Amino acid sequence: MTEPSTGAARGRTGSGRKRTEGKKRADKPQDATPQEDAGDGSEEAAIALLTEGTLDVEGRLVVASNATLYCKISTDGAEANCVYKPVAGERPLWDFPNGTLAGREVAAYAVSRAAGWNVVPPTVFRDGPFGPGMCQLWIDCDPDVDTIALSRRADHARLRDMAVFDAVVNNADRKIGHLLPDCDGHLYGCDHGVCFAEEYKLRTVLWQWRGRRLPARAIETLHKLETALDSDPLAAELAGCLTPDEVTATKLRVDLLLKHRVHPYPPEGWPAVPWPPY
Ligand SMILES: Nc1ncnc2c1ncn2[C@@H]1O[C@H](COP(=O)(O)OP(=O)(O)O)[C@@H](O)[C@H]1O
Ligand SMILES: [Mg+2]
């Protein structure tokens with residue numbers, strides 16, 4: 001069996017690179033330098049596998065608050081691991097409409113990809129053994145990265161990208177355990193089900209840049225995203241997952257970030273850090 005050549009798909013369980021022994025690192029040194037997308041079609045290959053592959057449930061993630069299933073996904077020519085979250089397994093929340101979390105995860109992927117951040121692993125909405133839900137490529141995390149130390153870094157460009165991405169999607173649940181540093185030095189994030197609320201409710205462990213000027217790289221990306229939000233495919237993708245008001249609120253957040261050019265401050269009257277933070 002072969003698998004897509006995406007860095008993400010390379011990270012499938014069991015295929016991780018040789019680990020270094022000893023003390024856990026906050027991160028690999030090269031992570032301070034952003035990596036660009038491979039641009040080799042591997043993202044498309046991963047999306048094709050997630051969309052068309054046969055889904056075999058192998059287990060349930062017990063740390064998860066929703067029905068989050070660890071699966072194998074395979075076609076004749078490719079195989080990887082993925083997370084499958086059926087809509088039917090979503091825990092009802094007071095502040096998000098029932099049955100919408102899987103769609104929000106797909107919308108988060110669409111925004112991350114269109115902007116070029118690539119902080120969300122390939123994610124699709126599809127049918128599965130427990131009904132429709134989201135399916136996301138599994139990232140084999142580097143066990144030598146100390147994610148608590150990583151979450152506190154202020155000199156990590158991709159982590160900072162993630163903070164800007166979170167501000168755009170209005171992420172209400174950026175926990176340390178939602179940081180996924182892979183074995184190739186790429187940083188992903190997961191669990192974007194509680195994003196895209198209209199009301200400002202950013203809740204994150206990544207406040208180290210609050211009030212600081214956005215880097216030029218972020219401004220460039222936000223301009224790119226501003227354009228992308230007004231045209232297909234992103235406009236059509238978001239229209240399929242979010243309400244028109246939620247899409248409008250997303251555009252407004254991008255406009256606000258471009259107007260003020262600073263990382264946002266914590267919201268008032270809303271817990272600013274997820275609990276537990278891990
Ligand atoms: N795509 C992924 N790749 C690797 N690990 C993942 C992925 N998605 C989730 N996980 C792991 O599973 C845990 C639970 O998943 P999460 O998406 O947070 O579920 P829940 O919505 O129930 O909180 C995460 O904290 C993370 O450690
Ligand atoms: Mg979670």
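**Reading a sheet and its core**

Biologist: Which strands form a hairpin with 6 residues between them, and which residue in the turn has a positive phi?

Modeller: Strands E4 and E5 make that hairpin, and glycine 131 in its turn has a positive phi of about 95 degrees. Strands (E, at least two residues) and helices (H or I, at least four) are DSSP runs, numbered from the N terminus. This is a predicted model, where local features need pLDDT of at least 70 and side-chain atom pairs count only at pLDDT 80 or more, while totals for chains, interfaces and linings use all residues. Residues are numbered from 1 along each chain as its sequence is written, and chains are lettered from A and ligands numbered from 1 in the order in which they are written.

Biologist: How do I read the pairing of E4 with E5?

Modeller: Strands of a sheet pair through backbone hydrogen bonds, either parallel or antiparallel. Two strands count as paired if DSSP finds at least two bridges between them. Here E4 and E5 run antiparallel, joined by 4 bridges. Look for phenylalanine 125, whose bridge partner in E5 is methionine 134. Methionine 134 is also the bridge partner of lysine 85, and 5 bridges join E3 to E5 in the antiparallel sense.

Biologist: In what order do the 5 strands lie?

Modeller: The open sheet runs E1-E2-E3-E5-E4, with antiparallel pairing. Strands E1 (54-60) and E4 (123-126) are at the edges with a single partner strand each, so one side of each has no neighbour in the sheet. From one strand to the next, the twist averages 35 degrees.

Biologist: How many bridges link E1 to E2 (residues 69-74)?

Modeller: There are 6, again antiparallel. Leucine 55 has isoleucine 73 as its bridge partner in E2, and glycine 59 stands opposite tyrosine 70. On its other pairing, E2 is antiparallel to E3 over 6 bridges, and a hairpin of 4 residues joins E2 to E3. Isoleucine 73 has alanine 80 as its bridge partner in E3, while leucine 69 has tyrosine 84.

Biologist: Which residues of E2 are on the covered face, and which on the uncovered one?

Modeller: Leu69, Cys71 and Ile73 form the covered face, whereas Tyr70, Lys72 and Ser74 form the uncovered one.

Biologist: Which strands does helix H2 lie across?

Modeller: Helix H2 (residues 42-52) lies across E2, E3 (79-86), E4 and E5 (133-137), at about 25 degrees to E4. Helix H3 (residues 101-115) lies across E3, E4 and E5, at about 145 degrees to E4. Angles run from 0 to 180 degrees between N-to-C directions, with axes fitted to C-alpha atoms, for helices over the stretch in contact.

Biologist: How many residues are in the largest nonpolar core?

Modeller: In soluble globular proteins, nonpolar side chains tend to be buried together. A nonpolar core is a set of buried Ala, Val, Leu, Ile, Met, Phe, Trp, Tyr and Cys residues joined through C-beta atoms within 7 Å. Buried means 20 or more other C-beta atoms within 10 Å of a residue's own, placed from the backbone. The largest core here has 63 residues, and Cys82, Val106 and Ala107 have the most contacts inside it. H3 gives the most to this core, 10 residues.

Biologist: What does cysteine 82 touch?

Modeller: Two residues are in contact if their C-beta atoms, placed from the backbone, lie within 7 Å. Leaving aside residues up to four places away in sequence, cysteine 82 touches Leu50, Cys71, Ile73, Cys135, Gln136, Leu137 and Trp138. In E3, 7 of the 8 residues are buried, so the strand is largely enclosed by the rest of the structure.

Conventions. A residue is buried if 20 or more other C-beta atoms lie within 10 Å of its own, exposed if 12 or fewer, and partly exposed in between; C-beta atoms are placed from the backbone.
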